[in-house]
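The following note is intended for a colleague who is meeting this structure for the first time.

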Amino acid sequence: MNRQYYVLLVIVISVCIIGGKSASAYTDQEISRIKIIIDSDQFGVVIENELGETENFSADPEELESYIGGIKVNERVSITEDGLVIDGNEVSRDKLEAVTIEKTADSPWRMDIRSYLSRYINGSSNIQYTKSENDAWLFSGIVIVDTDDIIEGSAISIMGDVEVYGKVKGDVVSVFGDVFLDSTAIVGGDVVAVTGEIITNEGADIAGRPFSVDLHPEIPKLHIDEEKSMEFNILGRYNRVTGLDLGAETEFIDRSYALPHLKMGGGYAFALKRWHYRFGFEQQFFDYYAAFFGGSFYRSFDNSDRWIIGDEENSLAAFFLREDFKDIYQREGISMFAEQWLGYIQRFQVKYLMDDYELLNKNTNWSLFGGDKDFRDNYSFVPSGSPYLDSFDGELRSLVFSYELDTRKRERMPEYGWFAHLEWEHAGGGLGGDFEYDRWWVNLQRLQPLSYRQHLNMRLVGGYSEDVLPLFKQFFIGGIGTLRGFDYKEFGGNRMLLANVEYVVNFTDFFDGIIFYDVGKAAYGDDAFRDEDFHTNLGVGLGFWESMRIDFAKPIDEDDDDLKVTVRASVSF
């Protein structure tokens, strides 16, 4: 067994370690009162039952796991938007006796849980500190105005975000960041995000006016009543196939779930000279164990590369640098789905797809910068005359079964937690269509804090099929986001295995240093995949303000040892 197999084995073992769970359990009726304690280095919950017996739950900052909708303290205790959950049971707010906060240090992790905790407290507890300041401002970093903080002047950050949970008598300003106002925020002046966006929870009180420049501007919501609203959005993207693609969408949202969530939109691709559209609906039942069903019909200019790079980042690279990392096709059809959530971090989904695929060509070579460089052709890595290109167009009928777990703090710039996605797709056979295959896909990630400013990020990705896959369903690695020391999509097939490890050090609030290692291979068929050597590269990266990154990577033990440089506007995974 060569050293690449040893490295891959270590990564798999590291990613798959999961802690145990306590055997005892509480119901809401058995709990008499609760205390929540937050100090500079620990978060704790004290539970007292009807017999006067107490039990302590505590967690260090690196053990807390945030996700969309709540904070997980451990396997038994979570704080969600609906309240405190212990052993899967929501605990009544009136049983919360006190919240004690020792303000010995402005710990960023403590601020992360403030939003959910303030909703749960809901005015029923005693917060045991207050603070008043004339101004709160930073040149670089996040300015946080806590729930009981009173800022007599303004709260300003030049190179970071501003989060307001308390009272600011003056203005709230972020020059190169976003502004977040929680439901408890009170602002006496204006709220300004010069280059970012303003995020406001319902209940925030702003005496002045909000000003922001959003990359995806949203027309103000039309409120039909407290539970129903209409939202309008302007959409745009750019690539070498569609050129400038401008569109709009509107959504009808009913937060009571009495009526379905409706979405419709469309746009025009100027270089491709075609319209695209989407009309869909979705109906939700329940909250914590939410169930959904829905469907849509559409024509879209789609791609299979979002696990490598997002549409927004790719549009920026194409518009400014004449670099397009996606291979675009037209997908037109209908889809239907059913989905079941287990809490806020796990979901199962089954989806039926009836799509017509069409291969598209490059239609523009314009970008703002790029000199004499040309955009590559669509699917440029596939030899001209390949049977995969000739058989690209066709009808696909398939069923997709998937499971997803996500405990990461946030989607855009996650810092810690688990992410797992397992998917099986069955196409053809009794479903009909021009393609017949079974295809497996798995994406497993662990973002692990080592200290306040150090992180170890790990990812394992695999794809497998024993059938001949259409080109848009095959697995490709190489280049940006995968094997960063190799050419773009240099390796491909119906079997693929990839592992990435990154060691990240946050030297300052605006500068990160990264060391990364990538290993993987892809091939067609069992024999070829077994005989194929693992390809490896080592590299370093420089990160700036969580919004820009430059990677330098070189292959290990390969004939091609050229240094590959990639510029990104996002984290790798």
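Does Tyr403 count as buried, partly exposed or exposed? At 22% relative accessibility, Tyr403 counts as partly exposed; buried means under 20% relative accessible area, exposed over 50%, and partly exposed in between, with a 1.4 Å probe and protein chains only.

1. Basis of the note. The model is predicted, so local features need pLDDT of at least 70 and side-chain atom pairs count only at pLDDT 80 or more, whereas totals for chains, interfaces and linings use all residues. Residues are numbered from 1 along each chain as its sequence is written, and side-chain values use heavy atoms, with hydrogens and water left out.

2. Overall composition. The protein has six helices and 42 strands; helices (H or I, at least four residues) and strands (E, at least two) are DSSP runs numbered from the N terminus. Of its 573 residues, 48% count as buried. The accessible surface comes to about 27300 Å², and 56% of that surface belongs to carbon and sulfur atoms; areas come from the Shrake-Rupley method with a 1.4 Å probe, and for residues only the protein chains shown count as cover. Among contacts (heavy atoms within 4.5 Å) between residues at least 6 apart in sequence, 50% join residues at least 24 apart.

3. The pair of Phe348 and Tyr403. These two residues form a tilted aromatic pair, 4.9 Å centre to centre with 45° between the planes. Rings of Phe, Tyr and Trp (its six-membered ring) pair if their centres lie within 6.5 Å; planes under 30 degrees apart count as stacked, over 60 as edge-to-face and the rest as tilted. Phe348 belongs to strand 31 and Tyr403 to strand 32 (residues 394-406), so the pair links distant parts of the chain, 55 residues apart. Phe348 is partly exposed, with a relative accessible area of 42%.

4. Phe392 lies in the loop between helix 5 and strand 32, and Phe472 in the loop between strand 35 (454-464) and strand 36, so the pair ties together parts that are 80 residues apart in sequence. Both Phe392 and Phe472 are buried. One aromatic cluster includes Phe392 and Phe472, along with Tyr329, Tyr357, Tyr379 and Phe435 among its members. Leaving aside residues up to four places away in sequence, Phe472 touches Ser304, Tyr329, Tyr357, Tyr379, Phe392, Leu396 and Phe435.

5. The largest nonpolar core. A nonpolar core is a set of buried Ala, Val, Leu, Ile, Met, Phe, Trp, Tyr and Cys residues joined through side-chain atoms within 4.5 Å. Of the 23 residues in the largest one, Tyr379, Leu396, Phe472, Ile477 and Met496 touch the most other members. Two or more residues each come from strand 34 (437-451), strand 36 (475-477) and strand 38 (495-506). Strand 36 gives the largest share, three residues.

6. Positive phi values. Most residues other than glycine have a negative phi. Tyr379, although not a glycine, has a positive phi of about 55°; its place is in the loop between strand 31 and helix 5, and at 4% relative accessibility Tyr379 counts as buried. Lys489 has a positive phi near 50°. This lysine is found in the loop between strand 36 and strand 37 (491-493) and is buried, with a relative accessible area of 6%.

7. Which residues of helix 4 are buried? They are Glu313, Asn314, Ser315, Ala317 and Ala318, and what covers the buried residues of this helix includes strand 25 (228-239) and strand 42 (564-568). A nonpolar surface patch of about 730 Å² is made by Leu316, Phe320, Leu321, Trp366, Leu368, Phe369, Met548 and Val567. Patches are made of residues with over 30% relative accessible area and no salt bridge, like charges being joined within 9 Å and nonpolar side chains (Val, Leu, Ile, Met, Phe, Trp, Tyr) within 5 Å; a salt bridge is a side-chain nitrogen of Lys or Arg within 4 Å of a carboxyl oxygen of Asp or Glu. The largest share of the patch, three residues, comes from helix 4 (residues 311-321). Trp366 lies in the loop between strand 31 (346-359) and helix 5 (387-390) and is partly exposed, with a relative accessible area of 42%.
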